[in-house]
Each structure stands twice: as structure tokens, then as C-alpha cells.
Amino acid sequence: MIKGYEERYLLIILSAVMNQKPSPEPIRSLDWEKMFRLSDYHGVAHAVHYGILGLDQDIPQAVRQQFFDKYLESVYRVGRLQKSEMQLIALMERERINCFYISYTDIVKNYPIEEMCCRESIEIGSSRKSTRMIWEILKKVDFEDRKIDETGRLFYRIPGIRVINFDYTLFFSSSMQKFFKKLLKIAPLKNENKSIRELPLDDRYLFLMCRLTNSYARGDISLSQIMDFWIFYKTYSEDFNWPYIYGRLKKLKIADFSERLEHLILRWFGTGAVIENVEIYEAMESYILSKGTDGREISSKLLPLINTVADCYARNRRLEEIKKIVIWLFPDRRYMETIYPLLGKVKLLLPVFWGLRLWRYLIRICTNPLRYIIYPKLKSVLSGAVKRLPFISRKANAENTDEESKETVEIPK
């Protein structure tokens, strides 16, 4: 169940914007700062800007400015990415990189207003072997490699051009990975190109649905992804070969889930279709809006891949912890040379110095409690006992008496 009215109103205003209708006035007061944070979190703040233009609500000027700034970013982004996409595809073709891409230009032109487009990157799918080649190509035209999560490699160039390159490891499901590899072999070549492939409508639908399902399982699905899918679905659904699509979805083992997700999207942005089992769809709404925090139990029953992803992340975390321990136990040679300069001349001694370093740490671990805990306590006990000895106490008293007498001596006039 959606927690607040801001989440519900965000869906209402996005639906109005996407269908070119006036935004309805909210029926209760809104936390507009929360509205901005939520819409920015899902990458749709630039689209919400259109929806709030005609509202009579008392929206703080600072919040309006934040929405407007996101709108300006989208205005500049659209032109830059459209121009850069054609240049990059020409580079890929010249270097004979076997890859496919989902045209950013095609997505943009299907939006009611181009600046509403939610995609922020040019996306290129390729084999794992081609990743290094693509990086070398982009490096020549001033792109920087910026590491992101498991969704691919991000390449960035000022003033804000982003390119994401991904391979079959984009997906957790083995059936989706096989589908990805197959696309690099069977997808038709674009126009007269010899390497660049363009996905047919049906395979494009399947690929986008696989990405949505994969993102849902990872808990990072966003409304921006869903809006891109909805625009594609709304534009081309009448041309789909549905028997082929349903057959492939069954082989991909996501037929039931994709049907529910499609119904949910239609409920948000489309016909407002009447659905059964409202509890399931409310759980899906909460799961999407919270990016995997709420509604997880029901979602994991609908999509067992969620549990697979969680198990994989748990294994990865354990593996990373083990790697950190190994790196700490056996640092690289450059670090060891800073401690033992001799190693720079005799590299074969690295295992010996590893052992010596670990032995020093072991001695330090054993002696630290003795040095900082036992020794201070023993010192305080012994010093107290020594002070109580008869001749020591008499000597101390005599010294105190002499000091007092000196202090009380009258100064002569």
C-alpha cells in the first residue's frame, strides 16, 4: 500500500502529463519538498515540471525552481544525446563492433514533448569481448570511464553526454542472458551497416520487459524506466506479434509477472484498466515507489528472481569481505616496498616479508594488552604499595613538613 498522498499524486500528475491532460488539483495539502525528492529519486522531476505549471497550489518558489532546473537539464540533454548518438554509432560501425542499440531518437520523438524523455544515456549492448574495444573508441573522443553498479559501464563526456555499455551480465536470469547473446546474432543489421544491429519491435518489447523485470528484481526499478516503456508500448502495441511475444516470455519464465506489470502500467498511464487482486497491485506499487523497500514479500512470490538476486548479493558481500581480508594479509608489492625497501631490489623475497609483516602484527597484538592494560594497572598497584612502606611514608611526611615550614616563614620587615 502506498504510504502517503504525495506518492499517489505523483502518479496522477505523471498520467496527466503523459496523456496531455490538465493536472487535477490535489484534494489535500502536499509536502512539495517531498514531492520533488520523490520525483527526482525516480528521474521524473523534469516531467512533473509540466504538470505543476497550471496548478493553483501555493508551491514554494524554491521548489518550483528545483523542478525548473531539472526541466532545463532535460532540454539541453535531448539535443546533445541525439547528435552524439549518430556520431557514436558511426564510430562503432567504422571499427566493426558487433552491437545493438535502442535508438534514443526514436524514443524522444514518441513523447508528447521531446523534453519529457526520461532516458539520460545512449545505451549500447555488446559482447563482453567488445567492451574493451568500445572503451578505447570512446577514450579517443574524450570520454571518461566512470564505474557504476552491475548495470554496465558508464562513459561520460562534458557537457553531460552519457553512454552506457552493457553485455549479457546485465541480467541475473540465465534465460535472459541467453536471449541477450542471441540478439547479437539474429537481430537484423541497421540499414546498410555491417555491424550495427537494430532490434525488431517484438524483440525490442522483450528486451525492455526483461530490463524492467531485472530492475524490479534488483529493487532499483524507477518511474522513468516505466515511462519509457509506456511510450514505446503506446506507440507500437498495435504492430506487435503477440503470439510470438507471449511464447518468448514463457521461455524467459516471466510471462505471469510481465502480464501483471503491464496491467499495472496500464492502470497508471493508460486506460485505467479494472484489475482483480488489488492487494497484489498495491504491493507492486509500493515496491516500485520505494525501490524494493516495501511490498517485498508479495513481490517475491510473484517474481522468484527477487530471492535469487538477494542470494547473489549476499554471496557477493561475503566474497568481498574475504577479498578484503586477503588483501590486508597479503598487500601488493608496491605497498610492501614502502615498508621494506630491500624488496625493491630482491622481488623474490615478497613471501618472506609477508610472513615478517604478519609476525610483527602478531607480536603487537599479543603485547598491546600487556603494554596498555596490564602494565598501567600493575604500575598503579605497585606504586600504592610502595608508598605505604614505613620508611617511605616517614620520609614523605618529613618532606611535607619542611615544605610547610618554608611556606609559613615570616618575611622580615
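At 34% relative accessibility, Glu95 is partly exposed, a class that lies between buried (under 20% relative accessible area) and exposed (over 50%), as computed with a 1.4 Å probe on protein chains only. The side chain of Glu95 meets that of Arg94 in a salt bridge, with N and O 3.8 Å apart; a salt bridge here is a side-chain nitrogen of Lys or Arg within 4 Å of a carboxyl oxygen of Asp or Glu. Arg94 counts as exposed, at 59%. The model is predicted, local features being reported at pLDDT of at least 70 and side-chain atom pairs at pLDDT 80 or more, while totals for chains, interfaces and linings use all residues. Residues are numbered from 1 along each chain as its sequence is written, and side-chain values use heavy atoms, without hydrogens and water.

Arg96 lies in the loop between helix 4 and strand 1 (99–101); helices (H or I, at least four residues) and strands (E, at least two) are DSSP runs numbered from the N terminus. Phi of Arg96 is near 60°, a positive value in a residue other than glycine, and Arg96 is exposed, with a relative accessible area of 54%. A positive phi, of about 55°, is also found at Gln20, which is not a glycine. Gln20 is located in the loop between helix 1 (5–18) and helix 2.

Across the whole structure, 14 salt bridges are found. One of them joins the side chains of Lys70 and Asp40, at 3.3 Å from N to O. Lys70 belongs to helix 4 and Asp40 to helix 2 (residues 32–41), so the pair ties together parts that are 30 residues apart in sequence. Both partners are partly exposed, Lys70 at 24% and Asp40 at 33%. Another salt bridge links Arg153 to Asp145, with the closest N and O atoms 2.2 Å apart. Arg153 is partly exposed at 25%, as is Asp145 at 35%.

Arg77 is buried but has no salt bridge, and the nearest side chain of opposite charge, that of Glu120, is 4.2 Å away; Lys and Arg are taken as positive and Asp and Glu as negative, with His and the chain ends not counted. Apart from neighbours within four places in sequence, Arg77 is in contact with His46, Tyr104, Cys117, Arg119 and Glu120, contact meaning heavy atoms within 4.5 Å.

Strand 4 (residues 153–157) and strand 5 (residues 161–166) run antiparallel and are joined by five bridges; strands pair if DSSP finds at least two bridges between them. Tyr156 has Arg162 in strand 5 as its bridge partner. The two strands form a hairpin with three residues between them, and Gly160 in the turn has a positive phi of about 115°. Pro159 lies in the loop between strand 4 and strand 5, and the peptide bond from Ile158 to Pro159 is cis, with omega near 15°.

The largest nonpolar core has 101 residues, of which Leu14, Tyr205, Phe207 and Leu223 touch the most other members. A nonpolar core is a set of buried Ala, Val, Leu, Ile, Met, Phe, Trp, Tyr and Cys residues joined through side-chain atoms within 4.5 Å. Beyond neighbours within four places in sequence, the contacts of Phe207 include Phe100, Ile102, Phe166, Leu170 and Phe171. Phe179, Phe180, Leu183 and Leu199 are also among them. A second, separate core of five residues includes Met336, Tyr340, Leu350 and Phe353.
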